[in-house]
Amino acid sequence: MGIQQAGVPLPSDAVEEPVFVNAKQYHGILRRRQSRAKAESENKLAKSRKPYLHESRHLHALRRARGSGGRFLNSKKNENKQNEAAPSDKSQSNINLNSDKNELASTEGKC
């Protein structure tokens with residue numbers, strides 16, 4: 001009784017395994033499939049869609065670095081890794097700078 005099915009299987013002859021969809025979207029999907037089948041039977045072609053909407057966004061996406069599988073690399077993860085390594089390097093460089101300042105002050109005092 002407490003177990004509910006995640007989705008409703010779509011009826012399809014081409015698919016061997018059932019495809020589960022959101023139950024609230026089920027009737028809308030069937031309605032669109034019927035309207036597409038009707039338009040195809042009447043030889044009405046649907047408008048062809050552009051491959052992308054905005055040229056500038058497309059060019060930006062082409063330039064972005066991608067990982068394995070073609071996914072975009074997450075720059076936030078890369079920044080976090082660099083920031084974790086950087087503070088330890090900075091702290092040692094500050095120690096060195098401070099020791100250099102101390103040596104300079106001590107040598108100036110001796111003169």
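A residue counts as buried when its relative accessible area is under 20%, as exposed when over 50%, and as partly exposed in between. With 44% relative accessibility, A23 therefore lands in the partly exposed group. This residue sits in the loop that links strand 2 (19–21) to helix 1. Along the sequence, A23 is 16 residues away from G7, yet in space the two C-alpha atoms are 5.3 Å apart.

Now for the chain as a whole. The model is a predicted one, and its average pLDDT comes to 75. A score of at least 70 is reached by 59% of the residues.

As for the layout, the chain holds 2 strands and 3 helices, and walking along the sequence gives the pattern β-β-α-α-α.

Helix 1 can be described in some detail. This helix runs over residues 26–41, which makes 16 residues. From the first C-alpha to the last, helix 1 reaches 23 Å, close to the 22 Å expected at 1.5 Å a residue. Which residues of helix 1 are buried? They are Y26, G28 and I29. Looking down the axis of helix 1, these buried residues fall within an arc of 165°, so they line one face of the helix. The other side of helix 1 carries exposed residues, namely H27, R31, Q34, K38 and S41. After helix 1 comes N43, a residue with a positive phi, near 60°.

Definitions and conventions
Residues are numbered from 1 along each chain as its sequence is written. This is a predicted model: local features need pLDDT of at least 70, side-chain atom pairs count only at pLDDT 80 or more; totals for chains, interfaces and linings use all residues. Side-chain values use heavy atoms; hydrogens and water are left out. pLDDT is the predictor's confidence in each residue, from 0 to 100. Helices (H or I, at least four residues) and strands (E, at least two) are DSSP runs, numbered from the N terminus. The expected span of a helix is 1.5 Å times one less than its number of residues. Buried means under 20% relative accessible area, exposed over 50%, partly exposed in between (1.4 Å probe, protein chains only). The arc is that of the directions from the helix axis to the C-beta atoms.
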